[in-house]
Amino acid sequence: RIIPLLALHLREHATDLLTNDILSELQKHHRDSTQHNLVLAMELLRLIDLFKASGINVVPFKGTVSAMLSYGDMALRACGDIDLLVLPDNHDKAEKLLEAEGYSVKERYQDALQSTLLHEQRRIYIDLHWGIPAGLLRLDTAPLWEDLTEINLLDRPLSTFSRCDTLLVMAINATKEYWRPSLHHLSEIAALTGSYTDGDWMVAFHRARRIGCQRMLVAALLFAHRLLDMELPSAGPVRLFSHRGINRVVDELQDHLFLESGEQKNNAAMQLIHHASAQSYYLSLTDSSLRRSSDWLKWAVTPNSSDKAVIKLPAHLSFLYYFVRPLRLLVKRWQ
């Protein structure tokens, strides 16, 4: 996704590193990527008109839209699909509209809060969201509809999330999947916030707190700081930047980013390195202290197969496993 950006900076700052073969390959990739982005942008504008005519509120985001907001040029980000957000009550109606346009539903992901549709003939994918994933985090996406901004896409006005909310969605996408982190989210965050003032950061953290993604924003900024040397804000909840749990999340993302391709093919990318479970990873990113406490307590006392393997109890004494589990966890912790 960052090859167009890489090619731009190599041509500007390191032409001596480029052989003719590499330069030719980069130019071809940039040409193909730009052409594909153009097709996606034209289809997006066409669909927006159809949704509007059908009375369905829809907000495009990510892809060409975030490229325009971050870089002012949609060609600087390789885009794979079209992402649209609709209200939950309109999702079925929006799906049917797309099906009437030749798209077919390939999958519905309840946790990702989206369905994926494909136009077989044109090979265009659409992710139709009814919320912002991950569902496990229970983010409040209603405020996103309250503050839309207008950008220019192919000389047409297009409504999307505000620059502040676009940053929050980028941060969510940068941290929501520990097994599949990507540099393009970080480069967009760095570009989008390059001119941020303390006042801008205060607004961003306030919005993040309202939506429930403040910890995700901090983790994404720490990740961008580590990899791209992005300057961290001096305003906002600065204490969170040294929070052990959030830094462990960044460790998880960083280590997965640099997994060898062979390890990824062997599903090693799904294996957690710094967390005991996916639940503990997401709890570290959850803003609500009440939910973190209740979920940790539930995790600490609910027996699983490992607890039952420690000691075999008859059915009428199975309630004792609720005491066995915390004892086993304590022993494991202090070994």
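The following exercises, each with a worked solution, concern a predicted model.

Local features need pLDDT of at least 70 and side-chain atom pairs count only at pLDDT 80 or more, while totals for chains, interfaces and linings use all residues. Residues are numbered from 1 along each chain as its sequence is written, and side-chain values use heavy atoms, with hydrogens and water left out.

**Exercise 1.** Classify the ring pair of Tyr 281 and Tyr 282.

*Solution.* Rings of Phe, Tyr and Trp (its six-membered ring) pair if their centres lie within 6.5 Å; planes under 30 degrees apart are stacked, over 60 edge-to-face, and the rest tilted. The structure holds seven aromatic pairs. In the pair of Tyr 281 and Tyr 282, the ring centres are 5.3 Å apart and the planes stand at 85°, so the pair is edge-to-face. Both residues, Tyr 281 and Tyr 282, are buried (under 20% relative accessible area; exposed is over 50% and partly exposed in between, with a 1.4 Å probe and protein chains only). Finally, Tyr 281 and Tyr 282 form one aromatic cluster with Tyr 178 and Trp 179.

**Exercise 2.** Determine whether Ser 33 and Met 42 are buried or exposed.

*Solution.* Begin with location: Ser 33 is in helix H2 (residues 20-53), and Met 42 lies in helix H2 as well. Helices (H or I, at least four residues) are DSSP runs, numbered from the N terminus. Next, consider accessibility. Ser 33 has 8% relative accessibility and therefore counts as buried. Met 42, at 52%, counts as exposed. Lastly, examine the surroundings. Leaving aside neighbours within four places in sequence, Ser 33 is in contact (heavy atoms within 4.5 Å) with Pro 4, Arg 77 and Ala 78.

**Exercise 3.** Explain why helix H6 (residues 183-192) is described as largely enclosed by the rest of the structure.

*Solution.* Count first: seven of the 10 residues of H6 are buried, so the helix is largely enclosed. Then identify them: the buried residues are His 184, His 185, Leu 186, Ser 187, Glu 188, Ile 189 and Leu 192. Last, find the cover, which includes helices H1 (3-13), H3 (63-71), H5 (163-175) and H8 (214-228).

**Exercise 4.** Locate Ala 14, and state how far Ala 14 is from Leu 285 in sequence and in space.

*Solution.* Ala 14 is found in the loop between H1 and H2. With a relative accessible area of 12%, Ala 14 is buried. Ala 14 and Leu 285 are 271 residues apart in sequence, and their C-alpha atoms are 38 Å apart in space.

Key. Helix = DSSP H or I, 4+ residues; strand = E, 2+ residues; numbered from the N terminus.
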